[in-house]
Amino acid sequence: MPNISESEIREVVNLVLNKMKASDTSDWDSTHYGPRKFVGVYSDMNDAISAVQEAYLKVRAMSVEQREAIITEIRRLTRAEAPIMAQLGVSETGMGKVEHKRLKHILVADKTPGTEDIVSNARTGDNGLTLVEMAPFGVVGAITPSTNPSETIICNSIGMIAAGNGVVFNPHPNAIATSNYAVDLVNRASKAAGGPEVLVCSMVKPTLESAAIMQSHPLVRLLVCTGGPGVVKAVLSSGKKAIGAGAGNPPVIVDDTADIKKAGKDIIDGCTFDNNLPCIAEKEVFAFRNIADELISAMLKNGAYMITSEQADALAKIVLVEAKDKKGNTRFVVNRDCVGRDAHVLLAKIGINVSSDIRCIICETDFNHLFVQEELMMPILPIVRVNNIEEAIELAVKAEHGNRHTAHMHSKNIDNLSAFARAVETTIFVKNAPSYAGIGFGGEGHATFTIAGPTGEGITSARSFTRQRRCVMADSFRII
Ligand code: NAD
């Protein structure tokens, strides 16, 4: 596919958004993409599950080489159409940054493991040979977020198909067009590589009801949920095998042995990536008192804007709103109109006008401030001064709220680094780098957009979506 021009991107994005807004799944005309409609998108969850069951049976009959050929084509199309999905994601949800979303798609294409992740095990001994293979579950039901919509769908599809499963998605209602574009992309890749025309499925209008049908349908053997605490709890109560990738609130500790200039830049780079939408992004900083001024000055040189505590309180009243939980208690929830918005847009809400070069709002707060306690998913970074490593660790662990998701530290003191890593018990712990190094972007290791802390699969990949099967051959098949 040739490089896509800006005007073509705009044309496709407008077309897709208008079609999906009208829930119109009829054929459409789309420049050199040809007349087509999204493949694999159904209005009834039961129909989608039946279609995926058929696809699963076809995938099961395929050789590993055929599966890998489909995945190679998914990677190719993802790289080619990353600019469209990035623009679509920002246009539809109003959240994030186009260039960062493009990079996230390239990361998924390049670093999501395929069939090589599925490795069999053999054990031999006096009693013969035992083989353990990693088998598919069958139909997987996947719930995906609005923060990384198409990234999660493509990443999940690669891993789940590599493992030999079929997948039905119930995407976030605020990101339907972007999510279904990705579902269609996977199906186009499948067809082009000689696979089934419908390999993965989704809903025209996903709802809580369609999610409920998915969760209770007998053909769905595994649920994979990427989202906030509410939905993770819902799938874990379903009675089915479930993988839950839930919320985080990643703290960062900076001690007085760190390279402070680098720490300031790394923290701002990580915190502002896609306007703080990634669940792994830096959310609050605990800085040693004796380096805090130098750290703040490094942040200011890297696109941060410092607000006063009065301004922080005024901003908190806008970006967080009061809501009642099920027990009638009042609590604060994020204002959806502020999530993933640019720093200068958020600053304008409290009457501060700055240029779009400002990418992060920083402020000094105490530990109890809502900016420290709540997962904002906005480029707002509170900084709390601490006296020593004991205090830093105690407060950072509390701010993480036991999510055991992600934490970061800038330090050259291995005792301090080890003490925090041990205490915070997170799935991802990044040392001396921006947060995104934790998912393979400038750090070693594979990528995922489904980080399953609560259920323990961690940085999910194809093998996370398999079940073990054992085959025993007694007293034979040993060659020694
Ligand atoms: P969200 O929780 O609002 O929605 C996630 C999905 O769940 C959506 O598809 C939504 O429609 C659905 N949903 C919500 N309640 C449900 C219920 N009771 N039953 C069935 N489905 C339900 O997520 P969001 O705002 O798009 O994403 C942000 C949240 O997700 C943050 O908390 C973030 O930390 C988390 N997240 C975690 C990971 C991870 O890998 N651990 C990745 C991305 C996002």
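This is a predicted model: local features need pLDDT of at least 70, side-chain atom pairs count only at pLDDT 80 or more; totals for chains, interfaces and linings use all residues.
Good morning. By a polar contact I mean a pair of N or O atoms within 3.5 Å.

Let me begin with Gly-246. A backbone N or O atom of this residue lies 2.8 Å from a nitrogen atom of the ligand, within the 3.5 Å limit for a polar contact. A polar side-chain atom of His-405 is placed 3.2 Å from a nitrogen atom of the ligand, while His-172 has a polar side-chain atom 3.3 Å from a ligand oxygen atom.

How much of the ligand does the protein cover? On its own the ligand has 850 Å² of accessible area, and the protein covers 87% of that. H7 gives the most, with 3 residues.

The shell holds 30 residues, of which Ser-146, Gly-228, Gly-246, Glu-375 and Ile-451 come nearest to the ligand. By class, there are 14 nonpolar, 14 polar and 2 charged residues in this shell.

I turn now to the second largest pocket, which holds about 310 Å³ of space. It is lined by 17 residues, and those closest to its centre are Arg-67, Met-134, Ala-135, Pro-136 and Ala-163. Two or more lining residues come from each of helix H2 (45-61), helix H3 (64-93), strand S3 (128-136) and strand S20 (466-474). The largest share, 4 residues, belongs to S3. In this lining, 9 residues are nonpolar, 3 are polar and 5 are charged.

Thank you for your attention.

Terms used: Residues are numbered from 1 along each chain as its sequence is written. Side-chain values use heavy atoms; hydrogens and water are left out. On a 1 Å grid over the protein atoms alone, a cavity is a set of points where a 1.4 Å probe fits but cannot get out, and a pocket is an open set with protein on both sides within 12 Å along at least five of seven lines; lining residues have an atom within 4 Å of a point. Grid points are joined across faces, edges and corners, and a volume is the space filled by probe spheres set on the points. Ala, Val, Leu, Ile, Met, Phe, Trp, Tyr, Cys and Pro count as nonpolar, Asp, Glu, Lys and Arg as charged, and the others, Gly among them, as polar. A residue is near a molecule or strand if one of its heavy atoms lies within 4 Å of it. A polar contact is a pair of N or O atoms within 3.5 Å; within protein, one must be able to donate a hydrogen and the other to accept it, and residues adjacent in sequence count only if both atoms are side-chain atoms. Accessible areas come from the Shrake-Rupley method with a 1.4 Å probe; for residues, only the protein chains shown count as cover.
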